[in-house]
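Please consult the sequence and the structure shown here.

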Amino acid sequence: MPSSVLRTMERPERMFGVVVVGVGRAGSVRIRDLQSPQLLPSPLKLIGFVSRRELGNINEAKQISLQDALSSTEVDVAYICSENVSHETYIRQFLDAGKHVLVEYPMALSLASAQELWKKAEEKGKILHEEHIELLTEEFAFLKNEVSGKQLLEGTLHFTGGPLEKDRFGFLAFSSIARLSWLVSLFGELAFISATMEEQKENQYQKVTVNLETVDKRPLTWIEERGPGMKRERHINFLFESGRLESIPPPAQGNKNIFLRDQDIFVKKLLGQMSSEDLAKEKKRILHCLGIADEIQKYCQHPKKEGPLGGAEGTM
Ligand code: NAD
């Protein structure tokens, strides 16, 4: 690590006041992490949290109104940890108020909205960071290592888990964007070919099967299946020229501190310590994944319009 970076970390030159918006599972972890002593002095200081419920104080953190969070000069940063349908509005409000934003994925529920939000952040000179803890897990590190240097012939990623309400978390391809993010990070940009959606509203059951293609025209299938009592599991079947990969070992360390590691990436951006190449690469990947999710949603909502809507590259 360059000594200039070390120096900045040893003594933060400036502090950033943070407000956490939405105190569900993700928001609670964010508050806990902001309140925990860090190994390295952190430039982040928790000012308070915003919730639609009356929660009072959480340890030392106080509840503040959205209006106060937006107007307070103490607040430099907003963490948006609410359900997905509210992300876009909160991001816009905080960017307009001149705050940096960290948002739990997905930042928006359409490619067009994400592009507009990103443009706004750039115009305002603010950081817009979309959390992607799935890329910080031991399982992903294992896969990245396994896939490296191999030629994919075909593959499937099948995820199962509990139901996600569409009204709060949006269309499945957006709420489960973490799977697309894995596939794109492992195999490069993907073209959307087709998708099928099965839904039993009364049973809270949903399954989407998505046919994708790598740049080398290799087929990749993503299946996302959600319903009550379904275990959170990932099943893979990747056929390479050199052999087949069919399982991922369980995480040895239990994926501790992945939100904290995501926060470290955000801090690097705040302090101008991430290269413009890395920032551009990340933005391209995020918009590419949101573009595919957008195509899946449109295709599933208009099944009569047969045939692919064009490669995901065309939407970037
Ligand atoms: P959650 O359902 O726990 O919370 C979502 C929202 O509901 C929050 O704003 C919370 O304040 C509110 N809420 C929770 N309980 C409530 C109650 N009893 N009454 C009224 N409001 C209540 O969802 P989450 O898992 O924290 O997800 C939030 C965001 O984080 C989503 O964008 C999600 O995609 C993202 N995310 C979550 C995780 C995770 O591990 N939980 C991982 C990655 C990304």
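Which residue in β5 is the bridge partner of V18? The bridge partner of V18 in β5 is V77.

The model is predicted: local features require pLDDT of at least 70 and side-chain atom pairs count only at pLDDT 80 or more, whereas totals for chains, interfaces and linings use all residues. Residues are numbered from 1 along each chain as its sequence is written, and side-chain values use heavy atoms, with hydrogens and water left out.

**Strand β5 and its partners**

Helices (H or I, at least four residues) and strands (E, at least two) are DSSP runs numbered from the N terminus; two strands pair if DSSP finds at least two bridges between them. Strand β1 (residues 16-21) pairs with β5 in the parallel sense over four bridges. β5 and strand β6 (residues 100-103) also run parallel, joined by four bridges, and I80 has V103 as its bridge partner in β6. From β5 the chain passes through helix α4 (residues 87-96) to β6 in a right-handed β-α-β crossover, meaning that, with the strands pointing away from the viewer, the path from the first strand over the helix to the second runs clockwise.

Strand β5 (residues 77-80) is covered on both faces, with V77 and Y79 buried on one side and A78 and I80 buried on the other. Buried means under 20% relative accessible area, exposed over 50%, and partly exposed in between (1.4 Å probe, protein chains only).

**Cysteines**

| Residue | Relative accessibility | Class |
|---|---|---|
| C81 | 8% | buried |
| C300 | 17% | buried |

With a disulfide defined as a pair of cysteine sulfur atoms within 2.5 Å, the count is zero. C300 is in no disulfide, and the nearest cysteine sulfur, that of C289, lies 17 Å away.
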